[in-house]
Amino acid sequence: MLNHVVFVQYLRCMLLISVLSTSYSASSLTLNISGVPSTEELEKYLIVGTGSSSDGDAVNIQGTEIGADQVFLSDGSLEPNTAGEAGPNTADTFYQSGDRWLSNSSVPTDAGNVYVGINWSGNIALTDNNGEVSFSNTDFYAEIGIDCSANGVAHCRNGLSGSRYFALNVSGTNGASINSAINPNTDLSTLAGEMSSWDTFITGLSTDLEITENIENQNRKDGSGPYLTTFSDSDGNGIMVIDINVGNNDFEINNSDWILQGSENQLYVIRVLNGSNVNISNSSLLVGDGGIAGTDTGYATEVGVIFYHDSDGSSSSDTIYSFDNAVINGIAFWDRNNASSTTINVSNAQGCAQFIGAHINMSNVRFSHCPLSYTESSPSSSPSLSRSYYPAQNQFGTLMFEDNFPKKGDYDFNDFVVRYQVTVTSNAETQAIKGISWISSLVAAGADYSNAYGSELPINWSFNGTSLSPAVTLADTASFATLCIADASTQLEIGTCSDSICPIDDTCDGSTANSSCSLDCSSGQCITQSSCTNIPSSVSAPGILKLFYLEKEFTDRTAFFNTQSVNSEENWSETAPFKWQVSLTFPDDGATIMSSETYCSSKGKSSCTYSTLPPYNPFISIHGDQSKEVHLPNHLGTALYDADSFDENGNHAGSSCGISGSENGSCYQTSTGLPWALNMTDSSFYAWPKERHEIINVFTGDSEHLSFSDWVESGGNSCSGQSCSWWMAAESEQEIKGSSLGEGFKLKTKQEALICESTNNGFFIRSNETDYDVSGLETNDQGLEDSLTADWSNILEIDAQAFEELCSLLGNDNTSFWTRRNTSQLYTPTHPYYTSNNKTDDSTQIHAYRLLLDTGELTQGSTSTTWSDLSTSLGGCTDNNGNCSFEGVTCYIILGSSGGNKKTLGKWKEH
């Protein structure tokens with residue numbers, strides 16, 4: 001059984017762990033040069049195919065995985081994909097028993113680490129109106145999918161065989177059809193414009209170094225060691241330009257390890273001259289470990305090197321870049337020739353990169369995306385900007401909510417599951433926030449009714465009846481979001497803006513679309529357009545970003561989306577929108593983060609839990625009721641939260657957690673420490689219990705992973721690395737939802753049994769259908785199902801007295817059981833529980849799991865026998881006032897029998 005006392009300590013630790021992990025961000029590149037083009041669209045895609053199908057597929061991928069690199073170094077056998085493919089085999093080339101690389105799990109000295117895992121970054125763009133993609137035997141992990149210019153899915157694809165798509169909206173461990181990843185009719189003109197601007201920018205740079213010879217046999221085994229290039233920037237702009245000039249010959253990188261060393265905010269641009277093709281064989285191209293490409297965070301998170309080729313003629317059909325047995329890390333390869341039929345061929349390779357070209361062919365690869373992401377710095381007259389990503393660049397966190405607050409309910413944590421990524425743009429000098437972009441994807445909703453979703457921001461807004469400070473505009477791809485500024489008595493709501501005109505009203509109920517009053521924010525300040533009625537004359541409070549009001553606004557879905565079996569009613573992959581983006585832009589001087597003192601004071605408290613990092617203070621509003629919020633443990637409710645409405649018995653987890661009352665050190669957690677919300681910042685987390693499967697009993701751990709309960713009890717302090725990933729070991733696949741659970745995910749099979757849990761009021765007896773307490777069934781029409789689950793060790797920890805109490809809970813009219821008396825029925829016909837329907841014959845076969853308390857010893861097992869033989873094995877049944885009594889046997893429970901008239905639960909109990 002979970003020691004709930006320790007859970008309180010865990011929650012405090014978990015909150016700290018959550019804050020620490022979200023504080024990691026992959027800041028974008030800052031260059032000391034003006035005129036650097038935007039990368040807002042470029043940074044989205046691992047692969048950009050610019051060619052037409054008339055010259056072949058723009059993108060053709062033949063195994064193994066894109067948007068993930070789950071094995072390093074891959075030996076061609078580990079972590080096969082859904083088609084059984086496990087390439088590439090790079091271990092033979094680079095490890096060689098330690099002669100070339102010292103380890104088969106790490107890069108050479110001075111090189112930055114390669115990301116290992118799934119980061120859902122395999123997004124593809126097809127910019128030509130006739131561009132097509134083909135997949136064969138490939139697992140495709142991507143948040144966006146395939147953005148295609150062509151009209152209709154059928155015009156974006158050529159061949160799709162043996163391949164599966166994994167993303168936020170895809171349920172099940174086998175993924176979905178690649179068709180569901182294709183986004184036709186996508187306007188990619190901005191992306192094309194960015195690439196064209198980079199063409200002009202790169203070709204105009206001055207040269208810092210020229211390479212005139214091939215790089216061959218530069219590795220520890222066959223030469224003097226890795227080929228190391230040290231960053232040298234002659235003009236101080238943060239860019240080292242290397243020109244490859246080998247005449248009319250191809251540039252060969254053969255049997256070598258090339259490390260390009262550098263620090264943060266340094267970028268290599270390697271221009272290939274004279275039409276030379278680049279052939280990379282048995283070689284690695286790696287950014288160094290000095291901070292370039294984000295390697296100071298632990299591994300490369302962005303592009304630190306761009307290979308650039310534009311020197312072929314318009315009629316060329318050359319293979320511009322050829323890879324055979326290669327490891328690439330933090331490097332982009334751009335084929336920007338005017339020719340329509342040039343190609344990039346990548347075979348038996350892995351790493352973190354970006355590929356842009358007319359035609360890109362890949363086979364036996366494992367690639368995640370290292371994006372090019374930059375921020376322009378001085379000498380530009382505009383203030384330099386920096387971006388931070390939460391939980392990290394190209395990665396998503398997961399928020400999970402239980403909506404039975406303040407009751408524990410089924411505790412399956414699937415009532416509302418949303419994936420999020422927040423990008424914060426700030427003034428690099430003043431740290432003022434200039435923008436917040438919030439991408440969300442609702443991936444599960446296990447509730448009969450709809451819930452609202454939002455987050456309280458650590459920014460204080462003030463409105464004086466005519467102007468709003470700080471000025472802000474709100475954009476939303478789904479038109480659901482509003483920004484609410486509310487204190488105890490006054491509310492101002494700002495709706496989605498159009499051309500810097502933002503509707504407002506005086507109630508935070510999502511009705512701004514019908515408002516006749518608005519703010520004009522076009523001048524950099526937000527001023528009411530004309531005299532408005534029914535708006536507050538004054539309000540000052542933290543902003544409440546309401547990301548949407550009811551999840552059923554997304555679609556006409558039925559209840560229980562993606563929490564039960566996969567079916568058409570649960571599948572949103574063909575229904576849009578299921579994913580949306582909300583953006584706040586601060587046009588004036590930006591916004592500043594509130595101090596903890598100011599925030600807590602606004603809640604009427606001298607101290608409180610307060611987060612300055614995304615996702616800030618996320619919550620759901622149960623059934624869309626603004627007064628009924630559920631937050632992360634120890635966080636406070638917004639001004640809209642009504643603690644009194646939840647204050648049952650005056651001591652539950654919601655009292656004093658709003659804007660009134662004294663400090664409460666246990667907000668939104670039970671007296672035993674159980675939370676109603678979890679924030680998982682590890683991007684590999686992508687699983688949750690199925691409907692009415694308690695999370696504690698689903699994720700029970702194995703030899704390599706802590707169980708959820710052990711992780712909880714330790715506060716995450718007794719584990720490291722993989723062992724902390726409690727979600728990677730579940731009782732059975734039938735108990736979880738989600739998809740692509742990641743490298744190392746294991747399933748265990750245990751015997752099914754009754755779930756027994758000690759509570760302050762007695763015992764819960766939990767089935768797939770409902771909770772049972774000391775008063776019996778919640779309703780008369782609910783009964784135990786055939787499938788009952790638990791960990792036997794939990795049951796064996798129950799002592800004799802506790803088990804006897806447990807048995808007594810089953811003795812009520814609403815419980816189904818078999819009745820026997822001697823050789824006919826358990827109860828005599830005069831017993832109130834006896835009915836003719838409960839009769840069974842001596843010869844009735846039973847196949848059941850069983851629990852037995854015999855002379856003080858509790859045992860469990862399974863049985864396949866007859867009623868008569870079972871009775872004999874227990875010493876025979878003696879009629880005892882209408883009950884069947886066995887000498888020394890206090891209680892005997894049978895679960896899930898396939899024999900008899902009832903197939904739910906049976907028991908003998910001695911009175």
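Tutor: Happy to! Let's start with cysteine 657 and cysteine 667, which form a disulfide with their sulfur atoms 2.1 Å apart. A disulfide is counted here when two cysteine sulfur atoms lie within 2.5 Å. In general, such a link is a covalent bond between the sulfur atoms of two cysteines.

Before we go on, a word on the model: it is predicted, so local features need a pLDDT of at least 70 and side-chain atom pairs count only at pLDDT 80 or more, while totals for chains, interfaces and linings use all residues. Residues are numbered from 1 along each chain as its sequence is written, and side-chain values use heavy atoms, with hydrogens and water left out.

Back to our pair. The torsion about the S-S bond of cysteine 657 and cysteine 667 is about -100°, so this disulfide is left-handed. Both cysteine 657 and cysteine 667 lie in the loop between strand 41 (629–631) and strand 42 (677–680), so the pair ties together parts that are 10 residues apart in sequence. Strands (E, at least two residues) and helices (H or I, at least four) are DSSP runs, numbered from the N terminus. Cysteine 657 has a relative accessible area of 0% and is buried; cysteine 667 is buried too, with a relative accessible area of 0%. Buried means under 20% relative accessible area, exposed means over 50%, and partly exposed is in between (1.4 Å probe, protein chains only).

Now look at the disulfide that joins cysteine 484 to cysteine 508, where the S to S distance is 2.0 Å. With 85° about the S-S bond, the link of cysteine 484 and cysteine 508 is right-handed. Cysteine 484 belongs to strand 33 (residues 482–486), and cysteine 508 to the loop between strand 35 (501–505) and strand 36 (517–520), so to speak distant parts of the chain, 24 residues apart. Cysteine 484 counts as buried at 0% relative accessibility, and cysteine 508 counts as buried at 1%.

One more pair to find: cysteine 148 and cysteine 156 form a disulfide, with sulfur atoms 2.1 Å apart. The torsion about their S-S bond is about -95°, so the disulfide of cysteine 148 and cysteine 156 is left-handed. By the distance rule, the count comes to eight disulfides.
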